[in-house]
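Student: Before we talk about this model, could you agree to set each term you use against its definition, so that I can follow the reasoning from value to conclusion?
Tutor: Gladly; ask about whichever term you like once the structure is in view.

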Amino acid sequence: MTESQYAQVAGEFADVVIVGAGPAGLVLGNILLRHGVDCVVLERADRDCVENRARAGFLAPNTVRILERNGIGEGVRRHGREHGVCEFRTEDGRFRLDYRGLGKGEPHTVYPQHELVTDLLARFLDAGGRVRFATEAVAVSGADGPAPTVTVREEDGRPVRWRARYVAACDGRHGVGRRSLPPGAVRHHRDHGVSWLGLLAEAPPSLDAVGYAVHPRGFAGHMARSADVTRYYLQCARGTRAEAWDDDRVWDELDLRMRASAYGPLRRGRIVQRAVVDLESDVLEPLRHGALFLVGDAASLISPSAAKGANLAVLEAELLALALVDALAHDDSAGLDRYSERCLEHIWRAQEFSHWMIRLLHDTPGPGRDSLFQERLRYARITALRDSASQRNWFAEHYTGI
Ligand code: APR
């Protein structure tokens, strides 16, 4: 169908319809627009919500390179802060792992994700990009035919059909992209049996490092988000209600597990966000179904143990964007044909490291004596990381890589 035929059909049209204005959708939209490809972003939330959702904030070196080479890294370059030290606190004491000179010798960049999303949105709109906020996609159909359609419900409840040549589901793990897969789509899933109480505190960081504490009462984590906001995690029992932990209980437990008696109390402040997350992973295969492509959390869910999710989303978005440019501007679909295979290679490598991190930091539950066996394995892993230069090099390469 020609563009004019498309346009005559009731509804709206774009060469590429992107569902979701998170890191995946906005990196994809910016790169397409930069190459002159017609696209639209359909986002169910309003702009204020999209720009203020506190999420991750740990950018891998490759992610920074992708943003910079596509002209969308200004904010990261100006406000991002290098970060390259982990501090592990265990029953044997604490040790620091400065990974800036290890592995490929590259640090992370700390830059709050909602600030990255705000930058990407502003750049997309300034370049003339189309975004429809408060517009929820309710179905994707015809992806295996010549005229895929995304049906949306606009703010006034009116249904509108968007016709496209390609549809990019950048709508996360609960989005319409996953609900629109044909029979036979494979979902690999693992529940790691561990839950975290994720906390955001209006408190300056207490360490100059990412803190990982292993304690008989459970894991605790410390990640600076900015000079006056810090992300903490507390391992908790499955089914824990976030509200059950008031501020005092949170800080007392964090102090206990981070061994404040030995290394000094944490810097306290108001807890402004609480959420319990069950650590689980999943990967969909393949990531392409005809004209429908899955990107970011829509493609795979990775546990927050190694801060890989947003980095994978950016990598996949660039891969898809350049493949779509080749297909639409140069009639070359080779990149689209290889999209799924290329992404899955990165996804499974990230999943493997994330899985290793979970077993490094937690006594993953098991029946009876198996649990003791797991605990001894965990102890061997973390002491090997402390004592072995080659293990620390391996850690640095995979911790910062995607
Ligand atoms: N219609 C329109 N928009 C939708 C729909 C829908 N049916 N469902 C979800 N969305 C929107 C959400 O409101 C959100 O803005 O899709 C966007 C998905 O964004 P993310 O969840 O951030 O997913 P992604 O861009 O893949 O980024 C992945 O970012 O959220 C962090 O660390 C997290 O690993 C994750 C990474």
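Student: How many cavities of 30 Å³ or more are there by the rule applied here?
Tutor: In this predicted model, the count comes to 1 cavity of 30 Å³ or more, and the largest cavity has a volume of about 30 Å³. The word cavity is used because a 1.4 Å probe fits there but cannot get out.

Student: Which residues line the largest cavity, and which elements give two or more residues to that lining?
Tutor: The lining consists of Ala 56, Gly 57, Phe 58, Leu 59, Gln 113, Leu 116 and Ala 310, and the elements that give two or more residues to it are strand 3 (58–59) and helix 6 (113–126). By class, this lining divides into 5 nonpolar, 2 polar and no charged residues.

Student: What is the volume of the second largest pocket, and what makes it a pocket rather than a cavity?
Tutor: Its volume is about 270 Å³, and the term pocket applies because the set of points is open, with protein on both sides within 12 Å along at least five of seven lines. Of the 14 residues that line the second largest pocket, the closest to its centre are Lys 104, Glu 397, Thr 400, Gly 401 and Ile 402. Helix 4 (61–69), helix 11 (334–361) and helix 13 (389–400) each supply at least two residues of the lining, which by class has 4 nonpolar, 4 polar and 6 charged residues.

Student: Why is Glu 375 called buried?
Tutor: Glu 375 has a relative accessible area of 17%, and buried means under 20%, so Glu 375 is called buried. Glu 375 lies in helix 12 (residues 368–387), and leaving aside its neighbours within four places in sequence, Glu 375 is in contact with Glu 91 and Asp 363.

Student: How do you know that the side chains of Glu 375 and Arg 378 make a polar contact?
Tutor: Their distance is 2.8 Å, and the limit for a pair of N or O atoms is within 3.5 Å, so the pair is counted as a polar contact.

Student: Which residues of helix 8 are buried, and what covers them?
Tutor: In helix 8 (residues 247–257), the buried residues are Val 250, Trp 251, Glu 253, Leu 254, Asp 255 and Arg 257. What covers them includes strand 12 (186–202), strand 13 (210–213), strand 14 (220–226), strand 15 (229–236), helix 9 (260–263) and strand 16 (270–285). At the N-terminal end, helix 8 is capped by Asp 246, a side-chain oxygen of which lies 3.2 Å from the backbone nitrogen of Asp 248; helix 8 is followed by Arg 259, whose phi is positive, near 55°.

Student: Why are strand 6 and strand 19 said to stand at the edges?
Tutor: The open sheet is formed by 8 strands in the order 6-5-13-14-15-12-16-19, with mixed pairing. Strand 6 (93–98) and strand 19 (300–301) each have a single partner strand, so one side of each is left without a neighbour in the sheet.

Definitions and conventions:
Residues numbered from 1 in each chain as written. Predicted model: local features only at pLDDT ≥ 70, side-chain atom pairs only at ≥ 80, totals over all residues. Heavy atoms only, no water. 1 Å grid on protein atoms, 1.4 Å probe; cavity = no way out; pocket = protein on both sides within 12 Å on 5 of 7 lines; lining within 4 Å. Points joined across faces, edges and corners; volume = space filled by probe spheres on them. Helix = DSSP H or I, 4+ residues; strand = E, 2+ residues; numbered from the N terminus. Nonpolar A, V, L, I, M, F, W, Y, C, P; charged D, E, K, R; others polar. Buried < 20%, exposed > 50% of the residue type's maximum accessible area, 1.4 Å probe, protein only. Contact = heavy atoms within 4.5 Å. Polar contact = N/O pair within 3.5 Å; in protein donor to acceptor, adjacent residues only side chain to side chain. Pairing = 2+ DSSP bridges.
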